[in-house]
Structures are given as structure tokens and as C-alpha cells.
Amino acid sequence: MVDPFKRYDNLREKGLWFPIPGPADTVGQDKGGVRSALADVGIGYIGWTHNSLASNQLPHAARSTIANQLYMGQNPTFASANLMIVTYDLSRFGIADGQIVVGAEQQYWTWDRPGPDRVGLNTLAYYQTFFDRTLELKIGYLRNQNEFTGTLFGGTTGSNMSALFQAGMSTNAAPTPAINLKYNFDGRLYNKVSVQRSISPDGAYAHITENPTGLKWRTANAGILLVEEAGYKSKAAPGVPDTWLRAGVGLNSSRYTNLADPKQQRESGNNFHYIAADRQLWQNDALGSPSRGIYGGFSVMGAPPERNRISRYYELRLYAKGPFDNRPSDLVALVATNTTWSKVAVDAALAKGQLAHRDSTAVTGTYIAHLAPGIYTSVGLSYIHYPTSITHRPQTEHALNLLVSTLIFF
């Protein structure tokens, strides 16, 4: 049987480590023929809205005003991110895999520390390949969180890429100018490098506050971030398990505050490193859908404690794709994380007589249900020991967050 949505494959955004769903997995699909009419002239699009709620369920949880909230879920915390990506196919003009990508994003939080609220650019990129897809080029305003690392799940003490964001990697809400090159040794081995304008050395919040539209060339004290990732990636096939191994480093020339002495002059230089692996441990439908099955994985990330509040991040994950025959596109995950805080920052807090902890640990269980084309919902529960960053009060040592979200693609 001919797949009527196959014609849109070349219009999906290229160069990402994860596949954004195609038109078949959207609410609108091709109702009214709008998508096919645009495809006829080389235009593709995908939009989505992601809405989430985190709320601490412990009976004696310390509540606060929104202004004084210390962690996600301390008060019921709602977040919404809405995106639209439009692509234009340049291969119709003989440019190998050529594509222009333009994207916009709007985000809203009831607690703005992970934010703040913004409406602005998500991406503005040019992509093409060379030498029979051996070399891939992507240039423009990029969000490298979607181009490197490939962290699939995370705990609730913060994003599972916070160790990289603090050291300059660009995000969906903070795209920056970059040039990415990926060399494919074969169908599995690759090496990918980026020369990226760093986000603000004061963090994503400061970056978005200074540059909410995402159009500025740079923000205060931001330099250049060099990223390099080497990896091995093999897709699932009958009898062949899905495997992805990757490791990377980043070097940043931005001028950072020294956490040991914040009053002294800023100093240039920061870095990060990471290693991650995911492996399919068992296939439960090898002949029909070989990607279904049980997976295991881990991530380790690190950054210097003199420059970064997070010095180490560890994650162990166990998850199942298509856990039930009657739910072949659902996902269930169990994730354990540990965030180790900067020894320099912790010692400074203790010297001031504050209650401080050296790490935060979380265990999270999540079920993601694919309800209909383009519609996903998830429910999870996350226990967190020390949900705040570095300092705490006796009432904020523990949290048990109920996590609910919806994700709808158009």
C-alpha cells in the first residue's frame, strides 16, 4: 500500500537528533487539502502546543507566593510552549537535501524563573548536504539542544540538559547564531561540530530577558561556544536492537562570574562534557514494529564548579516503547537522576550560615499515551529529595510532584 504521507518526508525539518512527527501524526493531517497544496510549491509546516502542570502532593508542603517560589511544583506550576515551524524545499532547485527553516515560539509560565514569558524566534536556518550525504551543513539561528546530546528524559529538579545550558548551549527559547557540520563516516558512525554564539553566561533567564525575540546577535558577556560530539547510532530492525552511543565536549569563551568570589572581575572560559547511551534491550514486535520494546540508558554531564552551579548530572533510565499490543505508540518510563551542585557555591552558602545541600536526587515514573493522531498526554509522579538549588529550608527538603501534560501537533 502506498503511504499518502510519504510525499511530505522531504519537508520535515532536517538535521535534528529527534524526528518531529510528520503530517500523519497531526490533528489536521491534510484535511481540506491545505497541506498538499503547500507541498506542491515546496512548503511544509508543523505546529504544536505543549502544556504542563507540576504540583507538590505532600500534605505539609511549604507553599509560597509566586514571587518567592523556589522550585517547580512548590505551588501548582503551569507552563505552555507553542511553536510553529515552516520549511521550504530547495532540492527542487538541485540543491542536495536543501532546506530553509523558519520557526517561532511563544512560552508562558506561572512561575517565571524557568522562563520568562516570551514571543520570538525559534529558528532561522539553512540546511544542505554534500558528497552523497557524507557531510551535512546547517547554519543560522539554531537551538542546539535539538542538534546535540539527545537526552530523552529527565528528572524534575530542572531540565536534564541544564548542565549544558549553563555552559552556553542554545535552547528552543534562546536560539543563537551557529554553524553546524556533521560528518557521516557511514550509516552509523558520525562526528558533529558546532561554532555557536553562546547564550548569556548568566543563564537562560538572563538571556531571554535581554533578548526575548531571539534576534540579537549576542548578549552581554557572551562569547563563542565550540561543541563537538562523536557518536554511533543504529536504528532498530528485525533482530537488530536500536542503539545510540554519544559523547561530547564544549568550550566557551564567554566571561563568567567566579562562584568563589562573585565580586571579582569576570573571567573568560568555561566548558562542559557529556556521555550518554541508549540501547534496546528487548524487541516485542520485531517483524511488525522493531522499535517497540524495552530500552535502557544513562547520561553523565559535567562542568567546572568554579563557573557553574551544576557540576555533575547523572541519569539512569528504563523505558518501553509500545508497551502493550493495543497501545503500540505509548511510552512508559522510569528515570532516576542526581544533580551535584558546585562545591564552591555550596561552601559559600554554608559559610553564610544557610542550609545547603550538595546534591538533589529524583525518581520519576511517567506514562505517555498516544490518544489519537497528533494528540499525546502524559501523567507522572516524581519524588525529589532537595528540589531546590543548593540552599533549602526545613520545609523544602522533599517534594512529590504530580506531573500532567498534553502535547498536540497540528
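I looked up aspartate 40 first: it is exposed, at 51% relative accessible area. I take buried as under 20%, exposed as over 50% and partly exposed as in between, with a 1.4 Å probe and protein chains only. Aspartate 40 makes a salt bridge to arginine 7, with the closest N and O atoms 2.6 Å apart. That term needs a side-chain nitrogen of Lys or Arg within 4 Å of a carboxyl oxygen of Asp or Glu. The pair links distant parts of the chain, 33 residues apart, with aspartate 40 in helix 1 (residues 34–40) and arginine 7 in the segment before it. Helices (H or I, at least four residues) and strands (E, at least two) are DSSP runs, numbered from the N terminus. Arginine 7 is partly exposed, at 42%.

I noted my basis: this is a predicted model, where local features need pLDDT of at least 70, side-chain atom pairs need 80 or more, and totals for chains, interfaces and linings use all residues. Numbering runs from 1 along each chain as its sequence is written, and side-chain values use heavy atoms, without hydrogens or water.

I then checked arginine 246 and aspartate 278, a salt bridge with closest N and O atoms 3.0 Å apart. Arginine 246 lies in strand 9 (residues 243–256) and aspartate 278 in strand 10 (residues 267–283), so the bridge ties parts 32 residues apart in sequence. Arginine 246 is buried at 2%, and aspartate 278 is buried at 3%.

I also found lysine 138 bridged to glutamate 147, at 2.9 Å between the closest N and O atoms. Both residues are buried. The structure holds 21 salt bridges.
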